[in-house]
Amino acid sequence: MTTASPHPSQPPTVPEDLKRNVLVAPLDAISTWGRMYSLWPMAFGLACCAIEMMAVQTARYDMSRFGAELMRPSPRQADLLIVAGTVTKKMLPQIVRLYDQMAEPKYVLAMGACATAGGPFKEGYNVVSGIDKYLPVDVYVPGCPPPPQALLQGLIKLQEKIKSQSLLGVPWYRKDQRNEAVPVPLYGPDIIDPRQIPIIKAELDRQRLERDRQEPEEETGSAGDETQEKATRRAVKPPKLPTWDLTPEPEAQALADRINQEIGEGSVSPEKDTLVVDAQRLIPVATYLRDTEDLAYDYLSNVTGVDYLDRDLRFEVVYHVYATSRGGGPVVLKARADGQNPKIPSLVSIWPSADFQEREIWDLYGIRFTDHPNLKRILLWEGFHGHPMRRDWNEAYYEEPTKPFNSRWPAGHHQLADSRNPYNRNVAYPTQYPDGEEWDPENWDPMEERLSVVDVEEVPHTGMRTQRIMVNVGPQHPSTHGVFRMVLTLNGETVVNAEPVLGYLHRNHEKIGERNNWLMNMPYTDRLDYMNAMGNNFGYALAVEKMMGTEVPERAEYLRVIMAELNRVFNHMSFAGFYTNELGAAFTPFLYAFRERELILDLFEEASGSRMMCSYLRFGGVARDVSEDWLDRARYLAQERLPRKLDEFERLLNQNEILVSRTKGVSVISPQAAIAYGITGPMLRASGVPYDIRRVEPYSIYDRFDFKIPLLSNGDLYDRYLIRILEAREAVKILNQALDQIPGGPIQGGKKAWQTRVPAGETYARIEHPKGELGYYLVSNGTANPWRYRVRAPSFVNLTAFGEMCKGHKVADTVVILGAVDIVLGEVDR
Amino acid sequence: MLGLGIAKGLSVTLKHFVETYIEDLRYFPRRYSEEAMEFRQSVKGRGLFTVQYPEQELPVPESFRYIPFLVYDEDGESGEKKIRCTACGICTKVCPPQCIWIVRAKDEKGKPVSQPAEFYIDIDICMNCGFCAEFCPFDSIVMDHNWKMADYERLESHIFDLHTLLKPASYYQQIRPVQYAERQAGKKKERKGKEV
């Protein structure tokens with residue numbers, strides 16, 4: 001790196017003769033004072049930490065008191081870049097570009113462990129291990145996430161630093177020290193820092209030399225001390241291929257017989273409770289399941305790939321299909337493909353909800369879906385080297401196939417992962433392209449998307465010509481709920497096509513999850529939908545308990561429901577806040593919602609120890625008991641405060657003329673389309689489909705409570721808002737019952753263990769998450785680590801219909817339509 | 001009637017505006033007193049909600065977890081630090097992002113001793129989940145309450161070594177009185193059980 005840091009931590013000393021300058025000294029003091037108390041942060045958040053950053057703006061913490069009132073949506077008006085959250089490689093070029101666009105004086109604050117050094121996601125293949133490798137950082141705020149007051153403390157630290165900077169020493173007034181723009185990283189086979197190209201070239205040359213040398217000789221004894229050190233550690237065994245009893249269950253057998261009779265012998269064969277479909281006949285089987293009247297499997301919930309490394313047919317694609325008219329369990333289909341050139345017919349034509357999920361499988365597993373309308377990478381970028389979820393693909397910071405790592409104990413000499421990498425950062429470059437061509441870091445085309453005018457057409461009957469243009473919104477747009485990007489094709493103000501571009505927060509949750517042991521995934525699930533940690537924990541605990549057959553004691557069940565419903569209330573209230581923000585109603589509902597959120601988070605913090613990242617559930621119970629005082633406060637919230645606040649929300653918004661005229665009749669989704677696109681949760685019920693997993697496939701103790709499933713029929717934006725308020729009311733109702741009935745007793749069933757072994761097998765468990773159906777598909781090989789860990793994220797699948805919902809509406813509406821999906825990027829991109 | 005909905009909404013904001021001052025009057029003239037703050041931050045508060053950080057500070061509950069630290073007991077007479085950690089390695093094995101490194105000490109003959117020779121926590125990887133403290137069989141690693149850690153530098157100061165991590169048991173007792181008492185009682189019981 002050659003670029004000098006523009007903000008040296010030690011202020012340069014003022015020359016003696018200048019110190020006596022009468023004019024400069026007071027000017028200096030005034031200017032410094034001005035800079036200190038007018039730090040305008042950029043409205044730009046990346047992940048979980050951004051939610052805490054937003055909380056800092058709200059009433060309880062009130063950043064305005066520090067003169068940092070105005071969150072500027074444009075980098076040109078901002079002078080503080082708060083990098084809040086995980087910096088992914090896909091997002092990195094945008095962040096660097098934003099920084100370059102900021103005018104001096106500019107400051108960078110790295111908020112949270114991820115922005116500082118990669119945090120818990122450091123090992124991930126799409127995660128940058130520290131924004132300071134690219135931008136000069138002034139203040140680091142550690143924590144995961146730092147509580148809002150910690151950010152304020154960081155801000156004060158920054159002000160102290162500014163106080164020490166004299167006008168005479170600051171680099172932006174000096175010709176010789178002027179800061180040059182940081183070169184924007186490029187999308188290559190991995191992210192490329194243009195400043196590193198010589199190092200990359202040298203390293204690749206070295207690797208090629210080694211490769212050529214090694215080919216003739218079989219083995220050259222490399223590094224003697226390494227082998228010696230290895231002897232003292234336990235041997236690293238490759239993970240065991242999962243196998244379990246596949247005797248078909250009667251139901252699966254009966255259905256298989258019926259399909260075989262109808263479509264032809266050998267189309268499906270039952271394995272336990274699943275049907276293995278002959279890949280060639282996947283489409284007729286799917287059509288039969290969907291269109292036969294008494295089957296009517298109309299809702300494809302989950303599609304995922306599994307890599308069974310050593311099997312003949314290495315890859316498997318698993319489909320979980322439900323019938324919305326009946327409720328109950330799924331029919332599970334499996335299609336298999338070989339490892340050489342895996343191909344499976346696409347099911348988008350039967351169930352459109354397969355669209356994004358199949359693209360994800362293509363991206364991460366490299367399984368090609370024939371006849372898919374738009375088979376592009378979805379989470380990574382075109383040109384990324386390899387398909388990272390394959391079990392034989394290792395990332396740059398790879399250590400061992402499973403955790404815990406040997407290097408941590410008993411001879412755990414600390415070593416930064418960065419220092420093990422030749423580039424000192426989380427990158428790896430292939431010497432060759434897959435087709436065998438050598439990759440030259442100096443001479444290649446970076447993968448870039450170019451957006452431009454699409455075409456020119458005549459407007460009928462007028463003789464005028466009009467141009468369609470493409471407009472790019474995001475990924476750092478303040479109204480895209482984080483790092484989401486949409487590419488809109490516009491005809492005037494009207495949206496002709498809208499395509500979401502995802503992956504800017506893809507932090508490799510599933511890859512890391514397969515290396516973790518079962519319990520380690522619990523805190524990681526907090527960071528999926530970071531507004532609803534309790535809900536995420538709940539789904540995961542249910543899935544693992546289903547495989548282990550663990551009993552959960554009564555009190556723990558009640559605590560789980562209480563936590564999940566509290567979470568639902570504040571999710572829906574904050575939704576209303578964000579949503580009206582998107583309509584341009586500025587801040588009021590958002591501030592009101594966040595006040596209630598703070599009160600609920602106080603309860604969470606006391607029960608679990610953390611405001612946002614609760615990790616409160618354990619397999620077979622919950623982590624800590626709550627006190628009687630805690631329950632009293634929760635009761636006061638549920639009986640008095642929350643109903644009152646929900647009334648207030650309705651009075652504030654329901655009849656507001658602007659809200660009504662902007663949302664009524666806009667972006668209508670029919671019930672059939674909603675089911676076909678796999679929309680779940682409040683959005684589905686706003687379209688008039690009475691499908692709530694707490695009712696149709698009850699889990700935990702939801703069958704004991706008396707509550708309604710609110711249903712609205714218009715399927716427009718207004719209904720999508722109203723249904724959330726109605727659902728929050730029902731959640732309060734459940735809360736009241738649960739808080740009344742909660743029994744005493746133990747909170748943990750079985751023995752609490754730090755390492756769990758889960759019997760070999762597979763399972764899919766789903767819950768009604770505030771955003772829709774949250775499912776976990778797990779495959780175990782009987783050891784302490786999952787073989788496959790898949791999260792079926794509701795907001796990811798709900799986005800499938802985004803293009804359809806936007807078509808024909810105005811540009812300004814797209815923002816509201818997106819808001820109504822209620823996405824959280826941590827969950828969309830995982 | 002057009003505008004009625006907006007007027008209704010504005011009545012809500014007006015109510016909030018008035019409520020802010022009602023509590024102010026109630027605690028007049030000590031509106032920033034501790035008592036006033038406690039009420040305002042509780043579920044019953046309706047008025048002004050702002051905590052005047054850094055003059056005031058929102059208290060953290062006992063269970064609050066931030067970066068972990070290691071507990072040492074002080075020998076009453078000599079004041080010698082007795083590290084509770086036995087380098088058993090459970091915290092390194094349960095840590096989800098694997099941010100703990102332990103070097104187990106060895107005696108002169110090279111046999112392992114139940115003491116850590118080196119102990120590192122990379123707080124830039126730590127996810128504050130508290131598993132290490134939860135599963136430590138010796139109650140020797142505990143989640144801290146100190147969140148005021150913003151800093152200008154990370155490569156040296158954010159890798160906590162044994163020296164930085166050690167804190168006295170009295171500090172532990174001060175931040176987590178209930179947990180301390182519970183675990184202490186549990187230990188005594190265990191010792192008694194062994195003696196019998």
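The model is predicted, and every value below is computed from it. Chain A is divided into four domains, namely domain 1 (16–173), domain 2 (250–370), domain 3 (453–501) and domain 4 (509–829), while chain B is divided into domain 1 (1–58) and domain 2 (68–195).

**Domains and overall form**

- In chain A, the centres of domain 1 and domain 2, taken over C-alpha atoms, are separated by 49 Å.
- In chain B, the corresponding separation between the centres of domain 1 and domain 2 is 42 Å.
- Chain B contains seven helices and seven strands, and along the sequence these follow the pattern α-α-β-β-α-β-β-α-β-β-α-β-α-α.
- Chain B has a radius of gyration of 24 Å, well over the 16 Å that the globule rule gives for 196 residues, and it is therefore more spread out than a compact globule.
- Taken along the principal axes, the C-alpha atoms of chain B fill a box of roughly 90 × 40 × 30 Å.
- Of the 196 residues in chain B, 32% are buried; among its contacts between residues at least 6 apart in sequence, 65% join residues at least 24 apart.

**Contact between the chains**

- Chain B gives 58 residues to the contact and chain A gives 66 residues.
- On the side of chain B that touches chain A, the elements giving two or more residues are helix H1 (4–26), helix H3 (90–94), strand E3 (100–106) and strand E4 (112–122) of chain B.
- H1(B) provides the largest share of that side, with seven residues.

**The five-stranded sheet of chain A**

- Five strands of chain A form an open sheet in the order E6-E7-E10-E9-E8, and their pairing is mixed.
- Strand E6 (268–271) and strand E8 (299–307) of chain A are the edge strands, each of them pairing on one side only.
- With direction ignored, neighbouring strands of this sheet are turned by 25° against each other on average.
- Strand E9 (residues 315–322) and strand E10 (residues 331–337) of chain A run antiparallel and are joined by seven bridges; within this pairing, A:Tyr319 has A:Leu333 in E10(A) as its bridge partner.
- Helix H11 (residues 354–365) of chain A packs on the sheet, where it touches E8 and E9 of chain A, and its direction makes about 5° with that of E8(A).

**The three-stranded sheet of chain A**

- Another open sheet of chain A has three strands in the order E19-E20-E21, with antiparallel pairing.
- Strand E19 (761–769) and strand E21 (786–792) of chain A stand at the edges with a single partner strand each, so one side of each is left without a neighbour in the sheet.
- From one strand to the next, the twist averages 10°.
- E19(A) and strand E20 (residues 772–780) of chain A pair in the antiparallel sense over nine bridges, and A:Thr763 stands opposite A:Leu778 in E20(A).
- Helix H14 (residues 533–548) of chain A lies across E19 and E20 of chain A, running at about 150° to E19(A).

- The largest nonpolar core has 278 residues, of which A:Val83, A:Val87, A:Leu109, A:Ala110, A:Met111 and A:Ile562 touch the most other members.
- Leaving aside residues up to four places away in sequence, A:Val83 touches A:Leu46, A:Ile95, A:Val108, A:Leu109, A:Ala110, A:Met111, A:Ala115 and A:Ile131.
- Helix H25 (residues 811–821) of chain A is mostly covered, with nine of its 11 residues buried; among them are A:Asp813, A:Thr814 and A:Val821.

**Backbone details of chain A**

- Most residues other than glycine have a negative phi, and most peptide bonds are trans.
- The peptide bond from A:Lys403 to A:Pro404 is cis, with omega near -5°, and the bond from A:Trp409 to A:Pro410 is cis as well, with omega near 0°.
- A:Pro404 is found in the loop between strand E12 (368–370) and strand E13 (453–458) of chain A, and A:Pro410 has its place in the loop between E12 and E13 of chain A.
- A:Asn424, in the loop between E12 and E13 of chain A, has a positive phi near 60°, and this residue is partly exposed, with 15 other C-beta atoms within 10 Å.
- A:Ser667, in the loop between helix H18 (657–663) and helix H19 (671–676) of chain A, has a positive phi near 55°, and with 23 C-beta neighbours inside 10 Å it counts as buried.

Notes:
Residues numbered from 1 in each chain as written. Chains lettered and ligands numbered in written order. Predicted model: local features only at pLDDT ≥ 70, side-chain atom pairs only at ≥ 80, totals over all residues. Buried ≥ 20, exposed ≤ 12 C-beta atoms within 10 Å, placed from the backbone. Helix = DSSP H or I, 4+ residues; strand = E, 2+ residues; numbered from the N terminus. Core = buried A, V, L, I, M, F, W, Y, C linked by C-beta atoms within 7 Å. Contact = placed C-beta atoms within 7 Å. Pairing = 2+ DSSP bridges. Axes fitted to C-alpha atoms, helices over the stretch in contact; angles between N-to-C directions. Rg over C-alpha atoms; globule rule 2.2 N^0.38 Å. Domains from an automatic or database assignment.
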